[in-house]
Structures are given as C-alpha cells and as structure tokens.
2 protein chains.
Amino acid sequence: MKIETKVEKFTTPLYLESGRILEPYELKYETYGELNEDKSNVIVVCHALTGSHHAAGTYEGDRKAGWWDDLIGDHKTIDTTKYFVICVNVIGSCFGSTGPTSKIYPTEKEYRLKFPVITISDMVRAQIALFDRLGIHRAEAVIGGSMGGMQALCYAIEYPRFAKRHIILASTYATQPWTIAFNKVAREAIIRDPHFQNGEYDKEKIAEKGLSGLSVGRMSGHISYLSPDSMITKFGRDYDPRDGLYDLFGKFQVEKYLDYNSNNFSKWFDPLSYLYITKAINIFDASRNYDSLEDSLSRIKSKITLISFKSDLLFLPREMKHIEETMKKIKKGELVSYFEVDSDYGHDAFLVEIPKFEKIIMRALEE
Amino acid sequence: MKIETKVEKFTTPLYLESGRILEPYELKYETYGELNEDKSNVIVVCHALTGSHHAAGTYEGDRKAGWWDDLIGDHKTIDTTKYFVICVNVIGSCFGSTGPTSKIYPTEKEYRLKFPVITISDMVRAQIALFDRLGIHRAEAVIGGSMGGMQALCYAIEYPRFAKRHIILASTYATQPWTIAFNKVAREAIIRDPHFQNGEYDKEKIAEKGLSGLSVGRMSGHISYLSPDSMITKFGRDYDPRDGLYDLFGKFQVEKYLDYNSNNFSKWFDPLSYLYITKAINIFDASRNYDSLEDSLSRIKSKITLISFKSDLLFLPREMKHIEETMKKIKKGELVSYFEVDSDYGHDAFLVEIPKFEKIIMRALEE
C-alpha cells in the first residue's frame with residue numbers, strides 16, 4: 001500500500017460558522033493507495049476526538065499502526081488496491097493541521113485561547129477546500145466513527161452531491177447532555193490545572209509529563225469509551241498484589257489501566273486542542289442551521305449506513321436509530337440502512353470490534 | 001417527630017479489618033421517634049458515600065431536610081410514631097464520627113493520611129458497638145442505599161441475628177470496575193490538586209471554595225449518579241443564552257448543574273474522607289472474608305429485600321439480581337425478595353424516586 005503524508009497550505013480564508021476567519025491555515029493529511037485517472041476512486045475517512053490523519057499503516061520505528069489499520073489496506077475492507085483513501089487531521093487538532101498552538105500569521109505568537117471556536121461543519125469545510133485543490137470533486141464514500149461520524153453526517157447534509165454514500169459509526173445527530181457531562185469533567189480538570197495558566201501553559205514545563213489535568217480528564221473519557229461489561233472482561237476486580245489491600249493508594253487493575261493510558265495520553269495530546277475539539281463535539285447538532293432535523297436530513301441525496309453498538313454509552317444506539325427514523329419520516333427511508341452491532345466493548349467497539357462490522361461496510365461499498 | 005443528634009465516645013479499641021486499631025473513637029448519630037421499653041422497635045438506616053447521620057427532619061435555619069426525609073417521619077413509610085430510627089455517621093466520614101481529620105489522641109495532630117483504611121465491615125462493627133452501649137441488641141430492620149446497602153448486606157452476613165430484615169437499595173455484593181473507575185477520576189483529581197499537599201492541605205486556605213480537585217471529582221460522581229435519560233429530562237441541550245454558542249467557555253445547562261453542585265460540594269465535604277470512603281467502597285466484596293459469595297450469604301438468617309433501579313449505571317440491577325440468584329442457589333430463596341424499579345433517574349433514584357419504591361419497603365416492614 002502506498003502511503004503519503006502531506007501538508008497543504010491555504011492562503012485563502014476559511015470562513016468559520018462563528019463568523020470568524022482562519023487565514024492562513026494548513027491541513028495535514030494522509031493518503032493510502034493511488035488516485036485513479038478520473039479521480040473517481042476516493043474514500044474519505046474522518047477521525048475522532050483524539051485521532052489523527054494517521055489512520056492506517058505503521059510509521060518506521062512505531063510499534064502501533066494507524067487507528068483503523070485493520071480496516072484500511074490492500075485487500076482489506078476499505079481496499080487500497082481499489083480505493084484512494086484520504087484522512088485529514090481536523091482543524092483545531094494538534095497533529096499538523098492549524099490549531100490553537102499554531103502561530104498567528106505573520107507573528108511568532110501562538111493562538112492559544114485566541115483561536116476561534118470551530119465546529120464540525122468548519123472541519124468539513126476545510127477538508128472540502130483541500131479536496132478542491134486536489135481536483136477531487138466526488139467520493140465513493142465518507143466514513144467515520146464518533147466525531148468522525150458527525151463529520152460524515154455533516155458531509156451528507158451540507159455537500160449532498162460530494163459522496164455516493166456516508167457510513168456513520170457510533171455517533172449521533174446531536175450531542176446529548178450525558179456526553180457533554182463526560183467532556184465537562186475533562187474540560188474542568190484541564191482549565192483548573194494551575195499549569196494551564198489560562199491557556200498560556202509553558203510547553204517546555206509540561207513537556208515531560210504533559211498537563212496533569214488533561215490526564216485526569218482523559219480518565220473520564222476512558223470510562224465513556226468502555227462499558228461495565230468491557231471493564232469486567234478486561235479487569236474484573238483484579239488488584240495489584242504488590243499493593244496491600246488496606247493501602248489507601250493500592251490499585252485495582254482498572255485503576256492501573258486508567259493511570260497508564262491517561263498519563264501517556266497527556267504526553268502526546270494538547271490540552272487546548274482537547275478544549276476546542278470537545279467544544280465542537282458538544283455544540284454539534286445536525287439541525288442547528290436548519291429548521292429541524294427533518295429539514296436538514298431532507299437535503300441528503302446519498303446512501304446512509306448507520307452502525308451503532310449495543311453497549312455504546314457515549315453515543316447510544318437510539319441516537320443513531322433516530323436518524324434512521326427521521327429519514328423514514330421524511331420519505332427518505334430507501335436511502336438509509338441501520339445496523340446495531342452486538343458488542344460489549346462500549347463506544348470503543350468502532351475501533352476494536354472491526355470483525356463485527358467490516359462486512360456491513362464492505363456490502364455498503366459494493367452496493 | 002422527636003429528633004436527637006448525639007455523639008458517643010468510645011475508649012475501647014475498634015479492631016479494624018486491616019489489623020489496625022482505632023482508639024479512642026467517636027460516633028455521631030441521629031435518632032427519630034422514641035425507643036420503646038423493650039427496645040424492640042429499632043430501625044437502623046445506613047447512609048451513602050457523601051451522606052451523613054442527618055437522614056430526616058430539617059435543622060433550624062436549614063432549607064434542606066435530611067437525605068431520606070420523604071421516607072422517614074411520623075406516618076411516613078418508616079413511621080417514627082412506631083419505630084425508633086437510628087442513623088450513624090460512618091467512621092472515616094467528616095460529619096462528626098472519627099475520620100481522617102480527627103485528632104490522634106492524645107495529641108493535637110490530625111490523622112490525615114495516617115488514618116487507617118477502613119472497610120464497610122469496620123463501619124458496621126463500630127455501629128454495633130454503639131448499639132451495644134445503647135442496650136439495643138436487635139432491630140426490626142437495617143435499611144440502606146448505595147454504600148448504605150453495602151452496610152445493610154454486611155449486617156445481614158456478619159450479624160445474622162441482629163435484625164429481622166435487611167432492605168438493600170441500589171447496591172451490590174462487590175464493587176465492579178466500572179464504579180471503581182468513576183471513583184478513580186475523583187481520587188486522582190483530589191490527589192493531583194497542588195493544594196492537597198499529600199493530605200496536609202491547609203484547611204483555612206481551602207475553606208472558602210474547598211479543594212478544586214474534589215469539585216472536579218464530584219462531577220465524575222454526578223455522572224454516575226444520573227443516567228442518559230435523566231440528563232435529557234433535566235437538561236436536554238439547553239444552553240445558557242447569555243453565553244455565545246461560539247464562546248469556548250459558554251455553558252450548557254448540564255455544565256452549569258455540574259459546576260454549581262460540585263463547587264458547592266467541595267465546600268462541605270472533606271477530600272480525605274472522600275479518599276477513605278471511596279476506598280472502602282472500592283474494596284467492598286461481601287465474599288472477601290469467606291470462601292465464596294455462596295459461603296458468606298449462607299450465614300444470612302433474616303429476610304432480605306433487594307431493590308434495584310432499571311437505569312442505575314453505578315450499581316447495575318444485575319448485581320443485585322446476582323444476590324437473589326445466589327441466595328436461591330444455596331436454598332435460601334424463601335428469605336429473599338428482589339424488585340427492579342422502573343425509573344429513569346439512574347442511581348439517584350434511591351434518593352429521589354421514593355414514591356416508586358416506598359410501598360415495597362412498607363410491605364417488607366409489615367411482613
């Protein structure tokens with residue numbers, strides 16, 4: 001599989017939903033496979049909150065492959081011998097696209113809290129500008145899970161002629177208070193960390209361990225990505241035998257997991273990006289710029305595949321079902337297929353239970 | 001209703017499960033109604049993590065009544081014209097019973113992190129010592145929800161002749177990793193707060209606002225007490241209209257709720273008590289000091305009423321069901337009744353949906 005990682009610079013303004021303008025801006029993206037002559041074999045993959053453009057393949061020296069490597073590759077479900085797959089790092093993120101720690105042109109000063117609030121629509125608008133520049137005006141499919149699914153739904157509503165089908169996993173039509181509450185814990189933990197310094201944290205000071213508040217916040221995230229069942233399977237009530245049971249700071253296995261992963265996370269993710277992207281997730285509402293959800297979904301002209309996971313506690317299956325039901329109500333039922341995958345893995349299922357849904361994606365792409 | 005709030009001092013040692021000793025210690029408790037002549041009309045009520053001995057009635061100058069005021073009182077479900085109700089503040093707590101901010105006798109120094117880890121069994125053992133002193137050797141019932149339910153189950157197993165019946169709400173036989181994870185977020189937020197100072201926080205310094213980390217931690221708690229449905233009912237996607245939607249720190253109603261309640265909470269609850277009590281909850285396992293759950297439950301001689309709530313995500317109904325099933329397995333099925341209450345209020349239902357379960361308690365008491 002041919003993999004290319006590139007950065008594209010834009011000097012044209014990006015008009016944001018808030019009325020503010022991002023100018024100039026950059027987008028980092030990765031492609032898998034080869035674009036055919038008439039540029040008709042494109043699949044756009046959209047990443048989630050803490051994901052990046054690195055969706056597949058393994059970088060030299062890395063142990064871990066891209067976040068959907070099991071799905072994307074030569075002769076895999078999203079077959080790179082056939083399709084040209086593009087994944088763009090969203091604006092606001094911290095992996096190469098313009099975000100809160102980018103510099104305000106033409107100064108050397110970083111945006112920090114001066115960065116504008118961005119929305120899912122803004123992320124998608126930026127990607128469309130990139131595809132325009134690459135001469136790509138249509139896609140076979142747009143696919144994404146979680147916040148990636150929000151982007152896919154946004155593509156379907158706002159660019160109804162861009163892609164033939166949209167495959168949305170573990171996502172919603174509008175973020176519900178339960179999810180906003182999980183994000184709230186993380187956001188507060190970040191903001192209240194004395195090292196956060198109202199966004200002016202010293203990168204060097206937090207370089208070694210990251211911002212502690214981001215680490216605490218990530219723990220809240222982890223809970224929402226898992227489920228009571230997946231935690232029982234993964235950890236049970238296992239207790240570290242080196243710790244005495246009556247040691248106040250002795251740890252259960254689940255606590256070690258949260259420690260390890262969240263302490264690592266704060267080393268590679270930026271706290272401001274976490275604030276901006278969770279804000280975009282919180283305010284996501286596919287009906288906001290329309291009269292109603294019926295109105296916004298009535299714009300859709302492509303096939304829609306909805307894949308939810310039974311134990312997903314971050315974006316409940318019924319939220320996805322509501323999209324199907326609304327499509328049926330407005331007589332667009334023939335465009336939509338809804339699948340509820342039986343998984344105990346919670347929200348994480350869209351990343352880790354690929355054998356349980358890859359056939360749904362394969363069939364959708366072959367349609 | 002006659003209400004009395006008292007403190008009892010013990011100079012006899014309290015032998016803890018850990019092997020350590022608490023000596024001397026104090027227990028603060030509240031009673032409702034009047035003890036009859038043969039001391040046979042006692043009902044013991046056990047409180048949850050952040051509860052206290054103040055279960056009913058309203059103190060002069062207070063706006064809010066005790067935490068189970070709707071249930072306990074003259075001619076209420078737990079009828080104080082008939083019963084003498086006692087609720088004891090658990091050891092480790094911060095409302096008058098000996099806890100981590102108590103002084104180490106005979107010094108003026110507070111325990112802080114030198115306080116021993118306590119368990120649910122220890123809390124119950126201390127209460128039994130109090131009842132002994134009061135000449136109370138039997139009870140009509142022991143009733144509690146959440147951590148109060150753990151205590152009630154512990155009474156049933158460890159003091160099988162003390163009470164005629166045990167009524168356990170929204171609780172478990174052993175704390176599962178999902179709940180330990182929610183506690184973990186809170187514990188880490190506390191420990192990592194720079195003002196925590198390894199337990200030596202300056203009470204005066206944090207007097208005004210409380211420890212910020214405790215407040216963040218409480219937010220994680222609140223999520224686990226509610227449910228996706230109760231949040232939709234309570235908050236929906238309501239957004240504070242004074243905040244611009246594109247203001248990074250603009251707040252949804254659910255965020256305001258979490259802010260308000262958790263910022264208040266940290267003013268009246270002690271961070272060390274939070275650490276010690278969540279530790280007791282985390283390590284609670286009704287089978288720990290026995291060969292198995294079958295073995296521990298086989299000691300029970302009283303009636304057991306189990307009341308779970310359909311949407312409880314902190315202690316799932318199936319955890320309560322497992323107690324019933326195990327009782328049946330060991331041929332104690334005739335002692336146990338299991339009820340799953342249909343409520344959308346999540347774990348909080350045991351505090352706020354009293355009309356939905358008071359009849360179950362009434363029938364159990366009348367049996």
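**View 1. Helix α6 of chain A against helix α3 of chain B in a predicted model.** The axes of α6(A) (residues 253-268) and α3(B) (residues 177-192) come within 9 Å and cross at roughly 45°. Axes are lines fitted to C-alpha atoms over the stretch in contact, with angles from 0 to 180 degrees between N-to-C directions; helices are DSSP runs of H or I with at least four residues, numbered from the N terminus. Val254(A), Glu255(A) and Leu258(A) meet Pro177(B), Ile180(B), Ala181(B) and Lys184(B); contact means C-beta atoms, placed from the backbone, within 7 Å.

**View 2. The side of chain B that touches chain A.** Here 42 residues of chain B are in contact with 42 residues of chain A. α3(B) gives the largest share of this side of chain B, ten residues. The side divides into 28 nonpolar, six polar and eight charged residues.

**View 3. Val85(B) and the largest nonpolar core.** The core has 230 residues, and Val85(B) is one of those with the most contacts inside it. Such a core joins buried Ala, Val, Leu, Ile, Met, Phe, Trp, Tyr and Cys residues through C-beta atoms within 7 Å; buried means 20 or more other C-beta atoms within 10 Å. Leaving out residues up to four places away in sequence, Val85(B) touches residues including Tyr32(B), Ile43(B), Val45(B) and Ile72(B).

Residues are numbered from 1 along each chain, with chains lettered from A and ligands numbered from 1 as written. Local features need pLDDT of at least 70 and side-chain atom pairs 80 or more, while totals for chains, interfaces and linings use all residues.

Methods. Buried ≥ 20, exposed ≤ 12 C-beta atoms within 10 Å, placed from the backbone. Contact = placed C-beta atoms within 7 Å. Helix = DSSP H or I, 4+ residues; strand = E, 2+ residues; numbered from the N terminus. Nonpolar A, V, L, I, M, F, W, Y, C, P; charged D, E, K, R; others polar.
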